[in-house]
Amino acid sequence: MNRYGLMPIVLGLACVIGCNSESSTKVPGRSVTVEAGGIVTLNGKPLAGATVLFSSEQLNLTAYAKTDKAGRFQLSTYEPGDGAPAGHYRVAIKKVDHAVTSPSDHPALPPTTESSPLLPAKYADCETSDLEAVVAEGKDNSFTFQLFDLLETS
């Protein structure tokens with residue numbers, strides 16, 4: 001068999017190997033993502049409706065999620081639920097209440113609203129939260145963040 005006779009076999013093997021990536025998503029121009037998520041609690045109880053932000057200076061990107069009623073979240077970077085690229089992240093968690101303080105006088109204008117944070121301010125900023133995570137390919141990327149609101153417990 002000459003070298004041209006082996007070409008279909010080599011191409012077939014390359015296709016099988018290249019198409020057998022189970023745990024990551026590869027799209028041209030994007031970092032490869034891996035499944036990542038977890039649970040957030042506040043004073044030991046699941047925290048529903050909170051926004052979770054994973055921020056990486058090294059990768060220059062942010063992955064985000066919203067917690068469900070059980071406090072669980074699944075990170076998204078480029079598409080819903082696609083996870084996050086492997087790397088070290090600083091984490092911020094926010095939960096805000098938006099209240100309408102004044103209805104609009106005109107149907108084309110939105111009402112005036114006021115936002116109130118429902119978590120201690122330190123958790124809303126990656127620089128002050130003291131929350132970190134390392135997302136790694138081939139590892140269990142399930143993170144638990146236990147938040148405490150000292151005002152609520154005293």
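A residue counts as buried when its relative accessible area is under 20%, and as exposed when that value is over 50%. The exercises below apply this rule and others to a predicted model.

**Exercise 1. Determine whether Tyr89 is buried or exposed, and describe the aromatic pair that Phe54 and Tyr89 form.**

Step 1. The relative accessibility of Tyr89 is 0%, so Tyr89 counts as buried.

Step 2. Phe54 also has a relative accessibility of 0% and therefore counts as buried.

Step 3. The rings of Phe54 and Tyr89 lie 5.7 Å apart, centre to centre, with 55 degrees between their planes; this pair is tilted.

Step 4. Phe54 belongs to strand β5 and Tyr89 to strand β9 (residues 87-94), and the pair links these distant parts of the chain, 35 residues apart.

**Exercise 2. State how many aromatic pairs the structure holds, and classify the pair of Phe54 and Phe73.**

Step 1. There are six aromatic pairs in the structure.

Step 2. In one of them, Phe54 and Phe73 are separated by 6.2 Å from centre to centre, and their planes make an angle of 55 degrees.

Step 3. Phe54 is located in strand β5 (residues 51-56) and Phe73 in strand β7, so the pair ties together parts that are 19 residues apart in sequence.

Step 4. Phe73 has a relative accessibility of 5% and so counts as buried.

Step 5. One aromatic cluster is formed by Phe54, Phe73, Tyr89, Phe143 and Phe145.

**Exercise 3. Describe the surroundings of Ser76.**

Step 1. Ser76 occurs in the loop between β7 (72-74) and β8 (84-85).

Step 2. Because its relative accessibility is 8%, Ser76 counts as buried.

Step 3. When neighbours within four places in sequence are left aside, the residues in contact with Ser76 are Ala63, Tyr64, Gly81, Asp82 and Gly83.

Step 4. A polar atom of the Ser76 side chain lies 2.6 Å from the backbone nitrogen of Gly81.

**Exercise 4. Locate Asp130, and decide whether Asp130 is buried or exposed.**

Step 1. Asp130 is placed in the loop between β11 (112-117) and β12 (131-135).

Step 2. The relative accessibility of Asp130 is 67%, so Asp130 counts as exposed.

Step 3. Asp130 and Ala92 are 38 residues apart in sequence, while their C-alpha atoms are 8.7 Å apart in space.

Technical notes
Residues are numbered from 1 along each chain as its sequence is written. This is a predicted model: local features need pLDDT of at least 70, side-chain atom pairs count only at pLDDT 80 or more; totals for chains, interfaces and linings use all residues. Side-chain values use heavy atoms; hydrogens and water are left out. Helices (H or I, at least four residues) and strands (E, at least two) are DSSP runs, numbered from the N terminus. Buried means under 20% relative accessible area, exposed over 50%, partly exposed in between (1.4 Å probe, protein chains only). A polar contact is a pair of N or O atoms within 3.5 Å; within protein, one must be able to donate a hydrogen and the other to accept it, and residues adjacent in sequence count only if both atoms are side-chain atoms. Contact means heavy atoms within 4.5 Å. Rings of Phe, Tyr and Trp (its six-membered ring) pair if their centres lie within 6.5 Å; planes under 30 degrees apart count as stacked, over 60 as edge-to-face and the rest as tilted.
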